[in-house]
Amino acid sequence: MQIPLLDLKAQYVKIKKEVMAAVSEVLESQRCIGGPKVVELEEKIAAISDCKFAVGVSSGTDAILNCLMSLDIGAGDEVITSPFTFFATAGCIARVGAKPVFVDIDPQTYNINPKLIAKAVTKKTRAIMPVHLFGQMADMDPIMEVAGKHGLAVIEDAAQSITSTYKGRKAGSIGTAGCFSFFPSKNLGGIGDGGMVVTSDQKLYDRLAMMRNHGMSPKYYHKYIGGNFRLDPIQAAALLVKLPYLDEWSQARRHNAEYYNMKFAGTVVKTPYVSPDCVSIYNQYVIRVPKRDELVKILKDKNIGCEIYYPVPLHLQECFKYLGYKQGDFPEAEKAANEVLALPVYPELTDEMKDFVVESILSILG
Ligand SMILES: Cc1ncc(COP(=O)(O)O)c(C=O)c1O
């Protein structure tokens, strides 16, 4: 049996006709930039995120970059975030000239530990960027409290967590703005790159919309120095086809996660913890195991897909050496990086496939 970490073809065969028709509609219209598909997707994503506005952009990375630029965060500023995330989170902070300031994670949820944030706030801090990792939102109430006390913006990196909830509130709707990625492996994935920023702040929305198009309004009058962060209408068309399936797909992922949880119960495998405040969309199902690297080798030999998200915490990345962090600064992030392993959790997995994954792991770990 071959079980990839993610099988996008299994999804595509079911919606191929719809995707082809939607893409063809864009091609026939020759509205190759912007247009009604982008607007329709923005309205729908804003609605499902309980936000007033949405701005389609070229990727999750550009969603974060646009947010930072639109909030005028740059040289001399600090942004507090998690060291245990995909590179883009901190990469964007550094790209606008600001300093990423890391705070360790909660070892259960892998999200930023809100208890440690206040200590990291300085006069230069402008924003907090919590990451809703693997499909579960960060503990937002205490984060908003610190932000409120110090007048900081909160940019939710919700790239992995569209429609997930915290105390019934949607990802992206609690902070100043939320950033989504439509990278194909996300629960709502495009047929290429794409992203979106959601907000309920009219002023920020106007700025985000201008910044994604070179800070221009009206045409050829540039109020700001922005970029080309536009969402491709072909991506918008494909995403509009997929959007009605999103809840069903996330539900199937939750079902798969619960199935694994049941099968791993009472073993050495530490299954994901979901806070009672949260509903996870399980963009990833991440276990913690002893002898993780040996396990990876054997699973790969057995053609079972798995991945380490993330093997090197960001404070130890070569490109961030200039920040002056060292091994041991964020012990929980470092420990997680050595022990975590993502297993296949995509919606089309059958029970037989999940059984094979579980049995293979338990036969190795005992
Ligand atoms: C937490 C997080 N932030 C940001 C991004 C960047 O999104 P994109 O790949 O669409 O640029 C990703 C993508 O994997 C992510 O997982």
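A pocket, on a 1 Å grid over the protein atoms alone, is an open set of points where a 1.4 Å probe fits, with protein on both sides within 12 Å along at least five of seven lines; its lining residues have an atom within 4 Å of a point. A volume is the space filled by probe spheres set on the points.

This is a predicted model, where local features need pLDDT of at least 70, side-chain atom pairs count only at pLDDT 80 or more, and totals for linings use all residues. Residues are numbered from 1 along each chain, and side-chain values use heavy atoms, without hydrogens and water.

**Exercise 1.** Find the volume of the largest pocket and the residues nearest its centre.

*Solution.* Start with the space: about 420 Å³. Next, look at the lining, which has 23 residues, with Phe 86, Gln 160, Ser 181, Phe 183 and Lys 186 nearest the centre. Finally, see which element gives the most: H3, with three residues.

**Exercise 2.** Describe how the axes of helices H3 and H7 cross.

*Solution.* First, locate H3 at residues 60-70 and H7 at residues 202-211; their axes (lines fitted to C-alpha atoms over the stretch in contact) come within 9 Å and cross at roughly 120°. That angle makes H3 oblique to H7 (under 35 degrees is roughly parallel, over 145 roughly antiparallel, 65 to 115 roughly perpendicular, and the rest oblique). Then list the contact (heavy atoms within 4.5 Å): Asn 66, Cys 67, Met 69 and Ser 70 of H3 meet Leu 204, Arg 207, Leu 208 and Met 211 of H7.

Methods
Axes are lines fitted to C-alpha atoms, for helices over the stretch in contact, and angles run from 0 to 180 degrees between N-to-C directions. Helices (H or I, at least four residues) and strands (E, at least two) are DSSP runs, numbered from the N terminus.
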